[in-house]
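Subject: Structure handover

Hello,

Here is the structure for you to look over. My notes on what turned up follow below.

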Amino acid sequence: MTKEEFTAVVDRWYDPLYRFALSLCSNSEDALDLTQNAFQKLARNQEKIRDLSKSKSWLFSVLHREFIDNYRHAKRFPKTQFDTAPLPPDEQSKQTAERQIDASLALEALAQLDERFRAPITLFYLQDFSYKEISETLELPIGTVMSRLRRAKDQLRQILESPKKNTSSAPVPFPRKAQENG
Amino acid sequence: MDRETAKEILSAYRPNGTDALDDNLQAALEQARRDPELNKWFESQIDFDKRQAGALASIKGPEAGKKAILATALFQDEAEPIEQPAKKKIVFVNWWRQAAAAAVVAFAALYSVFLYDRPDPELGELSHASWLHSVSILADSALPLDKRGNQIPAIHQWLDQRGAPHATSLPGSLTHETQLAGCRIFDLPNGKKASLVCFAEGSDFVHVFTVRKSDLQGMPIQEQSWERQGDWNLFAWSEGDMLMTIASKLSPEALTPLLSQA
């Protein structure tokens, strides 16, 4: 991989990878660490990635594994408990919720999702991954991906349409433009 | 297929329409066209998905993070292989190598300032100019930050906990008009500490180095004047025992408004 090729990969996947990391850990600093670590590993393993088109799934797989191995297990991110008891949404709260979807609210809602659903639904919403690619990246059967996408969306709707949840959840740190080097 | 199965399959349909020709989704899409209730559910879901995807797409990674990724990748010419032409290879410097190199740079730079027991005439006198030279070398070395953060009180508390000096107050314009990135601590050869607090202004940086004047062994200090060392514009001022020195590649004209309270 040449410098130009690596730069192109960073340009193409830096933002999506950061979004994925942020949805997983709900912390801008750790999201940045995860993102940078994934690119560092890509650079170190460039010989193994002969087909540049594979760098996308490689990056996201690496980041997801690192999150599971080093971050989630270290309990750096307290797991958000999701109340699975569905609240019957009324029409007004539904409309209000749909109007208020913005980046921070979307992240808050993702943070409240059951952890099994968070990675596949985020990859889905990045729109760069087909369900087959999500299956490969997360090493899940296709049927499981479809099932989790369906259930994730159901949970998201419940979260976003519940006024109580929206007002009580802690705001997700939202970076303006965090920096790395001094 | 029943309606619930169709819904599960259609849940994998991306709202940008990329999956319209996917073989596995075709049957469910066709069923949605024939089943008004399923179609209504599908349209509602597409609308919901578009909003979610749009919200997520509005999130941008910190620009400096991308710069750091590209900046820390080094390109080394490989020895020419037998079967293929030489190709530039990307390698990342291990963090510990960076840290070791940084320590060497920091020591070499700061040693010229702190001439204690064995003053070396070749290194020159303990002067303000040598201090500024040291600061410019440290700024040039683009060392990684020890602590990232965007809140001044938290950064100052972190420095306090480690016995590192920091500005008692910073120019209001600097803190309001730029983005705090984080800080780094330097160990001086005399066992004392200095600190760097880094701000980003667009794609440029404003570094604020702080050292206790009492740790400089009476070094004469020239305050409130611009100096240029290499690529860096430098400006020093003091408050109490703290000597602050700004290093930035921004021009004095661009920096002056940021230092209006300096």
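A contact here means heavy atoms within 4.5 Å. This is a predicted model, so local features need pLDDT of at least 70 and side-chain atom pairs count only at pLDDT 80 or more, while totals for chains, interfaces and linings use all residues. Residues are numbered from 1 along each chain as its sequence is written, chains are lettered from A and ligands numbered from 1 in the order written, and side-chain values use heavy atoms, with hydrogens and water left out.

Confidence in the whole model

The scores are ipTM 0.75 and pTM 0.54.

Thr35(A)

This residue sits in helix H2 (residues 28-44) of chain A. Helices are DSSP runs of H or I with at least four residues, strands are runs of E with at least two, and both are numbered from the N terminus. Thr35(A) is buried, at 0% relative accessibility. Buried means under 20% relative accessible area, exposed means over 50%, and partly exposed lies in between (1.4 Å probe, protein chains only). What does Thr35(A) contact, leaving aside neighbours within four places in sequence? The partners are Tyr14(A), Leu17(A), Tyr18(A), Ala21(A) and Leu63(A).

Cysteines

A disulfide is counted when two cysteine sulfur atoms lie within 2.5 Å. Over all chains, the count is zero. Take Cys198(B): the closest cysteine sulfur, in Cys183(B), is 10.0 Å from its own, too far for a bond. Cys198(B) is also buried, with 0% relative accessibility. In chain A, Cys25(A) is buried too, at 4% relative accessible area.

Chain B

Chain B contains nine helices and nine strands. It has 262 residues, and 45% of them count as buried. Take its contacts between residues at least 6 apart in sequence: 55% of these join residues at least 24 apart. The chain exposes about 13000 Å², with 50% supplied by carbon and sulfur atoms. Accessible areas come from the Shrake-Rupley method with a 1.4 Å probe; for residues, only the protein chains shown count as cover.

Where to be careful in chain B

pLDDT is the predictor's confidence in each residue, from 0 to 100. Its mean over chain B is 75, and 74% of the residues reach 70 or more. Within the chain, helix H3 (residues 36-57) has the highest confidence, at a mean of 92, and strand S2 (residues 88-92) the lowest, at 38. Over residues 74-109 of chain B, pLDDT is below 50, and the stretch has 56 contacts beyond near neighbours in sequence. Residues 111-125 of chain B also stay under 50, with 26 contacts beyond four places in sequence.

Best wishes
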